[in-house]
Amino acid sequence: MPAALRATALAKAYGPVHALRGVDLEVREGELVGLLGPNGAGKSTLVKIACGLVHPTSGAAEVCGAPAGSPAALAAMGYLAELFRFPDWCTAQELLTLHQRLAESSGGAAERAELLSLVGLREAAGRRVGTMSKGMQQRLGIAQALVGEPRLLLLDEPTSALDPAGRRTVRALLEELRGRGVSVLLNSHLLSEVELVCDRVAIIAGGELVAAGTPSELSRPGGVEVETADGPRLFAEAGREDVPRIVREMVAAGEEVFGVRVLTSSLEDAYLEAVGEGRMDEVPV
Amino acid sequence: MSQVAVIAGFALRESLRRRVFVVVAVLTTVFLGLYGLGTWQAFKEVRDFTGPALAGVQPEIVAGATLLGLAMFATLFLATILTVFLTLGVVQGDAERGLLQPLVVRPVRRRTLLLARFAGAAAVSAAYVVAVFLAAATITWAIGGWWPDRVAGPAAQLALAVAILTALSLAGSVVLASTANGIAIFMVFGAGLVAGLLGQIGEALRSDTLGDVAEVTSWALPFEALYQSALAAITADTIGFTRLALDLGPFGGAQSAGPALWAWAVVYLAGVGAAATAGFARRDL
């Protein structure tokens, strides 16, 4: 089975500006991949090439085995742009109906009702887009992207306008989609969100892929910290498996142990290391 | 339902919801009311003309044709406003607002999207120009008793002229922002009018150079040639001194171009459509 998304040596230049410099990336079937990087790193360009909005300067992108932007590729994917707008005069139902027709989905009213329920907008089916909050519009955008049961979902900052409850709804939705075998490429600035839901993470900086792996692969051991009567003591080279021995030796030496913490570097540390500490001003939250 | 019909229908529904057609209907009614008043006043004056000074000229024909000719210009102008506002932001304008991207990532070819928007706007504007032309002709007949020598041909020529302006506006929207595109199309429309005026002046001065410039320009902007041809057709069967009076009067610019104009207009329309499609296909969004 072909990958849901495969980018090979993907490059894009806007005049003298190189947005992407030969990126290789794969999102496998049913996989949830987080895309991280500072502003201007090339994340949105990568996503836009994947959905055919932008033409690559060189390299290639395929969606479910079809060239990105081709009707077959577009039929297999759903997309929510970072900066999107829906006509403010139409209702949620009308918008989804339009996208069902364009996607040639046969889901009808049942699909619309299910999608609106999934994003918590069932009660707002007849409400005009113009009267919805930005968060509601973003959730409607996710519902729109799911029309036609896409095999690949490309989400560009899908939770930027959501409150904590809305973000939790989207996280739960992403978990459910993974359960259904839908592949997701999640472009987000929210490291904690990416860490919570993504199977793998790809970090882009300066148009290049600088790190990739599972969140645990990217996070490395940071030592063991023991709380003693004299304050915390750090065993920098130790790991989780060393904890019983360390506690045993300290107690044997007559020290009082009040607590133990196994330290690991966070995804944020890995991110900072990958993109360079000098980019602290652009660290995602 | 085909995708062309889906997109065109959605665009027209937007115009309905935004009350575009209500505004157009109200203002057109006002225009026709004023036209009726002017026609009544003009024919009242004309009926008082008597004596040898008329030298065989039939004043009702001159008055009717002059008034309807002016109404045709106003009708074409109003239809141009309508079609330009329906299409001036279809590509770049909607892309800047984030409205276009959700549609383009559906399995709909970009040329289909352009064709649908053209079909919707051209159908509405062409129907409008035909309806208002027929209404003006009917008012002229009801008040003054004069009916144009040809009706179907001029109506079709006005409709084709509006279709060309629709295509130009759509093509402009591929490369220009909404405001710039609107200004450009009205400038082009104005250039066409100037060409007609030059032709009139050239005829009065018997200047071949001005005549040639006017002819070349009106073929380069065939909506103007179609308008001139439609003007010529409403008095196609008029002969004698009345014919002479019409040629010397405000219809010096009226030129019958024959079947070649129809063929050229269709080729021109196809050429503009092809250029717009090619530009849109290459465009990054």
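1. The contact between the two chains draws 20 residues from chain B and 21 residues from chain A, where two residues are in contact if their C-beta atoms, placed from the backbone, lie within 7 Å. On the side of chain B that touches chain A, the elements giving two or more residues are α1 (3–17) and α5 (101–104) of chain B, with helices (H or I, at least four residues) and strands (E, at least two) being DSSP runs numbered from the N terminus. The largest share of that side, 5 residues, comes from α1(B).

2. By class, the side of chain B that touches chain A has 11 nonpolar, 3 polar and 6 charged residues; here Ala, Val, Leu, Ile, Met, Phe, Trp, Tyr, Cys and Pro count as nonpolar, Asp, Glu, Lys and Arg as charged, and the others, Gly among them, as polar.

3. This is a predicted model, in which local features need pLDDT of at least 70 and side-chain atom pairs count only at pLDDT 80 or more, whereas totals for chains, interfaces and linings use all residues. Residues are numbered from 1 along each chain as its sequence is written, and chains are lettered from A and ligands numbered from 1 in the order in which they are written.

4. Chain A is assigned domain 1 (5–216) and domain 2 (218–282), the bounds coming from an automatic or database domain assignment. The centres of these two domains of chain A, taken over C-alpha atoms, are separated by 37 Å, and 15 residues of domain 1 of chain A are in contact with 10 residues of domain 2 of chain A. On the domain 1 side of this contact, α7 (191–197), β9 (200–205), β10 (208–213) and α8 (215–218) of chain A each supply at least two residues, and the residues of that side divide into 10 nonpolar, 4 polar and 1 charged.

5. In chain A, 4 strands form an open sheet in the order β2-β1-β4-β5, with antiparallel pairing; two strands pair if DSSP finds at least two bridges between them. The edge strands, each pairing on one side only, are β2 (17–27) and β5 (66–67) of chain A.

6. Strand β1 (residues 5–14) of chain A is joined by 5 bridges to the antiparallel strand β4 (residues 58–63) of chain A, where Thr8(A) has Ala60(A) as its bridge partner and Leu5(A) stands opposite Val63(A). β1(A) also pairs with β2(A) in the antiparallel sense, over 8 bridges, and Ala7(A) stands opposite Leu25(A) in β2(A). The hairpin of β1(A) and β2(A) has 2 residues between the strands, and in this hairpin Gly15(A) takes a positive phi near 60°.
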